[in-house]
Amino acid sequence: MKKMQLEICCGTTCYMLGANRLLNIENEMPSDLRGKTDVRALPCMGLCNEKELAGAPYVKLNGHVIENATAEKIYAKMRELLEA
Amino acid sequence: MIDGSVFLRRELMIRFVRAFNNGSLETELDRFPVEMRPRQGNSSRCCIYHDRAVIKYRLMNLLGFSCEEETDEARTLASYYREAMTREKPADITGRLPLSVCEAGCSECPSSQVVITGNCRGCFSRPCMYNCPKGAISVVNQVSTIDYTKCIKCGKCTSVCPYHAIVKTTVPCETACPTGAIHKDNDGHTRINGEKCISCGKCFAKCPFSAILERSQLLDVLKALKNGEKVVAMLAPALMSQDAGPIEQLFTAVSRLGFTDVIEVALGAEETTAAEAAEFREKMNAGEKLMTTSCCPAYVELVRKFIPDFRQYVSTTPSPMVFAAGIARRKHPGCKVVFVGPCVAKRVEACRNGIDWVLSFEELFAMLAGKNIDVISCEPWPIPRPAIDRARNFAKSCGVTEAVISELGGFADDFKLEAKAIDGIDRKTVTTLKMYASGKLPANFLEVMCCQGGCVNGPCSLRK
Ligand code: FES
């Protein structure tokens, strides 16, 4: 099966507002999800502009934007995409 | 997920820097509270109005004013901004503290108490009652009840209850404070006693309402850079343990902010190591019994304020920050220096030693975020002379000791260094230090770090 693309924004804004907690996500995934993604750390995705600052950190999963990303939100989205 | 109060603090800093860079800070400041907590939006506290008040006071601190300085509640943030922009130097903090309590943010937690919760089943064996040394517990209507005129809050009952039905509530800031400096005044408001506070920042780090604020010098640094002043950034070695990227890339990122130069405080730590080892040899050869480190400013404050008898043992060697400032000023005559680190107490030490400004790691990163500088997109900076590892290790507990031991290895002395470390200052270790001061010396070399694990776990660390 094709792996899902998980892009974690590591721009400074996202990093400060929580992306620093996601850097190790690949190793922390629950067993049903492990190995199903390609994880990449990217520079600023341009989503953290003035208005959307409070939505950081941003993550994209197969192009779907997840705001205020946490590991749980990412896992939920992964399962959703896996079931679809 | 990061802590909500950390998120708010960092979000505000980033907005602040962005607005400054756009030249719109003065006009935007008074709008921030409303924009961040609009009428239809959610609030983190009881209501948006309370949130807005707290945001206002946080901004006041970012401008370099503590909440206690407020004399006119109607004064606008724009007016504080104008005052800040004309000051030559940030407010002198000797005699005044870098930390203060934001009354609007403080939840005024009830004093610590032992409480019987609804989980009490009025059991037959009643260990709470039989273990209470003061006979303060009785069972009334099948529920344990505490007579508070007798209770001494020892908490024995909390540990013996088979249902975990008894809890001891705490006041997080008071529990965290190693010197009893933070307390409730008679009017019920929490305040910091300037005579007792050692600026360790533990209350700042532990308050779940994030109601302890730090008077910032961020605006002063932003202003100097904007005016094209020569400013050298001195990065504390703890930065290397913040998962913020390789040091070479961090250097490039920081230099893009407009600093004249960026240097490692660890270079100063190399000089501290040599001077500390020399001082130690001299003292031991002169028959002295003990020398303690002096690079942790909260510890130095602790001795100054609480254990004067111990002062004779504290080394007089300047800290890595002070040496680093010397290096920076020799290289760039006439420059201003800004120390960047994870420490609150450094603000006090800096003030005493002519260091122009101090920024926290968070403030530095907010500056990067404000300019959209990403560490991961930066080219590595060819550091002309990287500091040696043992100097970079100063930020970790026992790092200083190890550096001094390896430095002493080069000498054949009659005495032997016997090291002991205090890793983290709390009430217990304060008692231990007082015991040492009364003559029960532990070893001949004592390292004291106020933050457990060392500066890497400082109150303004990025690892939150
Ligand atoms: S830093 Fe993540 S979107 Fe800008």
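Begin by selecting Thr272(B), which lies in helix H12 (residues 265-285) of chain B; helices here are DSSP runs of H or I of at least four residues, strands are E runs of at least two, and both are numbered from the N terminus. Thr272(B) counts as buried, at 1% relative accessibility, where buried means under 20% relative accessible area, exposed over 50%, and partly exposed in between (1.4 Å probe, protein chains only). Next, display its surroundings: leaving aside neighbours within four places in sequence, Thr272(B) is in contact with Thr317(B), Pro318(B), Ser319(B), Pro320(B), Phe323(B) and Phe394(B), contact being heavy atoms within 4.5 Å.

The model is predicted, so local features need pLDDT of at least 70 and side-chain atom pairs count only at pLDDT 80 or more, whereas totals for chains, interfaces and linings use all residues. Residues are numbered from 1 along each chain as its sequence is written, chains are lettered from A and ligands numbered from 1 in the order in which they are written, and side-chain values use heavy atoms, with hydrogens and water left out.

Now colour chain B by domain: domain 1 (4-106 + 179-215), domain 2 (114-168) and domain 3 (221-457), with bounds from an automatic or database domain assignment. The centres of domain 1 and domain 3 of chain B, taken over C-alpha atoms, are 27 Å apart. Their contact takes 33 residues from domain 1 of chain B and 29 residues from domain 3 of chain B.

On the domain 1 side, select Phe20(B), Ile198(B) and Glu214(B), which lose the most area to domain 3 of chain B, together 21% of what that side buries. Between the two domains about 2,500 Å² is buried, this being the accessible area (1.4 Å probe) that two parts lose on being put together, summed over both.

The rule, a side-chain nitrogen of Lys or Arg within 4 Å of a carboxyl oxygen of Asp or Glu, finds three salt bridges across the interface of domain 1 and domain 3 of chain B.

Move to Ser199(B), in the loop between strand E7 (190-192) and helix H9 (202-206) of chain B. Ser199(B) has a positive phi of about 55° although it is not a glycine, and is buried, with a relative accessible area of 2%.

Finish in chain A. Asn62(A) has a positive phi near 45° and is partly exposed, with a relative accessible area of 40%. A cis peptide bond joins Ala56(A) and Pro57(A), with omega about -5°.
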